[in-house]
Amino acid sequence: MSAIHLKNLVKTFGDFTALKTMDLDIADGEFMALLGPSGCGKSTTMNMIAGMEEPTSGKILFGERDMAGVPMGRRGVGFVFQNYAIFTHMTVRQNLAYGPRMRGAARAEIDRRVGAIAELLQLTPLLDRKADRLSVNILQRVAIGRSAIMEPAIFLLDEPLSNVDAAFRAVMRTELKQLQRQFRQTMVYVTHDQLEAMTMADRIAVMDHGVLQQVGTPLEVYNNPANVFVARFIGAPGMNLIKGRPSESDRGLVVDLGALGVSPPLPDDLASALRGARGDVLYGFRPEQVALAPDGRGLALPVTFVERIGARTIVHLGEGEGAVKAVFDNDVGLAIGQTAIVAPEAASVRLFDASTGRAIRAGG
Ligand code: ATP
């Protein structure tokens with residue numbers, strides 16, 4: 001079984017806690033991304049799964065087997081790091097063949113496997129090139145191939161694409177996903193790049209400061225962030241969050257967004273989730289989920305900056321606590337200094353408790 005279970009996993013270095021009581025179940029054949037900013041404990045978690053670090057407390061199980069004391073070489077894991085680890089004096093073919101050869105595989109079997117993996121990773125024309133003549137991009141592809149050829153039941157990748165250039169990264173995202181589909185390994189992928197996590201992973205474990213913040217499919221963490229950290233971290237730009245105070249009005253429950261001078265009404269399901277709760281909230285909506293309000297109803301804000309990124313336009317609106325961003329699929333013709341009236345789509349509004357940062361969920 002190649003499911004992975006982390007149970008009450010803790011890692012401290014002296015009096016510094018790098019990982020606080022992590023519980024995570026990764027299913028057999030699942031692609032799980034560990035996503036978070038630098039220093040959040042992703043690599044520490046990964047290193048413990050690989051067997052390079054011992055947990056301070058808690059357990060790691062592969063299937064039902066407790067991995068305590070099982071050395072890395074006996075865990076059946078493949079590992080690819082940020083910095084490619086390959087033999088530069090060998091050819092690509094020799095690098096790919098290295099693992100199976102060390103295991104004593106027959107020549108014909110080695111040739112078959114090298115051929116298949118080279119084809120998958122588009123290395124076939126380069127098989128007889130010496131590795132020291134290859135670009136960083138290709139070297140990382142060879143490193144992935146060298147690990148993948150062993151067909152490990154568990155494949156661990158720690159920021160494997162952070163040193164390759166942007167165009168190549170996009171190609172590799174597709175290839176890695178195909179590789180995993182083909183071999184059906186359990187894949188754990190460490191990254192600080194949400195695009196990688198969102199495009200490849202079946203589920204994402206979002207981490208911050210050694211604490212697991214949320215586990216969910218890419219759409220779950222995007223649509224229903226568990227807290228303000230996830231709301232801001234996922235999305236580019238992240239979710240707009242404006243401090244507000246709920247109050248009853250003749251329009252039902254509204255949120256007084258002091259900084260913006262408006263009090264939008266709440267969708268019924270959120271209004272009922274909020275009734276009974278006290279205190280300030282953060283009113284959240286995704287920059288992509290706003291419309292320019294032709295009827296003049298919405299948030300009237302001065303345009304402070306306009307970024308055009310190809311077909312997309314990111315419009316910065318307002319300042320200070322009331323600053324928000326809106327993303328449009330085309331050039332909406334707004335210029336700095338103009339006033340824009342934007343309306344968040346009602347169904348996309350999310351609320352968070354301003355003191356705890358936790359999501360206030362409709363129906364729970
Ligand atoms: P990055 O992408 O920057 O590597 P990360 O999320 O992978 O970030 P970790 O490498 O897991 O983070 O590190 C988590 C924290 O633990 C960091 O503050 C790091 O400085 C600390 N840390 C990691 N290894 C050690 C160690 N051997 N001794 C002391 N502190 C460590």
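Why is strand β13 (residues 281-285) largely enclosed by the rest of the structure? Before I answer, a word on the model. It is predicted, with local features requiring pLDDT of at least 70, side-chain atom pairs counting only at pLDDT 80 or more, and totals for chains, interfaces and linings using all residues. Residues are numbered from 1 along each chain as its sequence is written, and side-chain values use heavy atoms, leaving out hydrogens and water.

Strand β13 is largely enclosed because 5 of its 5 residues are buried, where buried means under 20% relative accessible area (1.4 Å probe, protein chains only). Strands here are DSSP runs of E, at least two residues, and helices are runs of H or I, at least four, numbered from the N terminus. In a regular strand the side chains alternate between the two faces of the sheet. In β13, V281, Y283 and F285 lie on one side and L282 and G284 on the other, and all are buried.

Next, its partners; two strands pair if DSSP finds at least two bridges between them. Strand β11 (residues 240-249) pairs with β13 in the antiparallel sense over 5 bridges, with I242 opposite Y283. Strand β19 (residues 350-353) also pairs with β13 in the antiparallel sense, over 4 bridges, and there D353 is the bridge partner of V281.

An oxygen atom of the ligand is 2.6 Å from an N or O atom in the side chain of S38. For the side chain of S43, the corresponding distance from a ligand oxygen atom to an N or O atom is 2.8 Å. A polar backbone atom of C40 is 2.9 Å from an oxygen atom of the ligand.

Definitions and conventions. Buried < 20%, exposed > 50% of the residue type's maximum accessible area, 1.4 Å probe, protein only. Polar contact = N/O pair within 3.5 Å; in protein donor to acceptor, adjacent residues only side chain to side chain.
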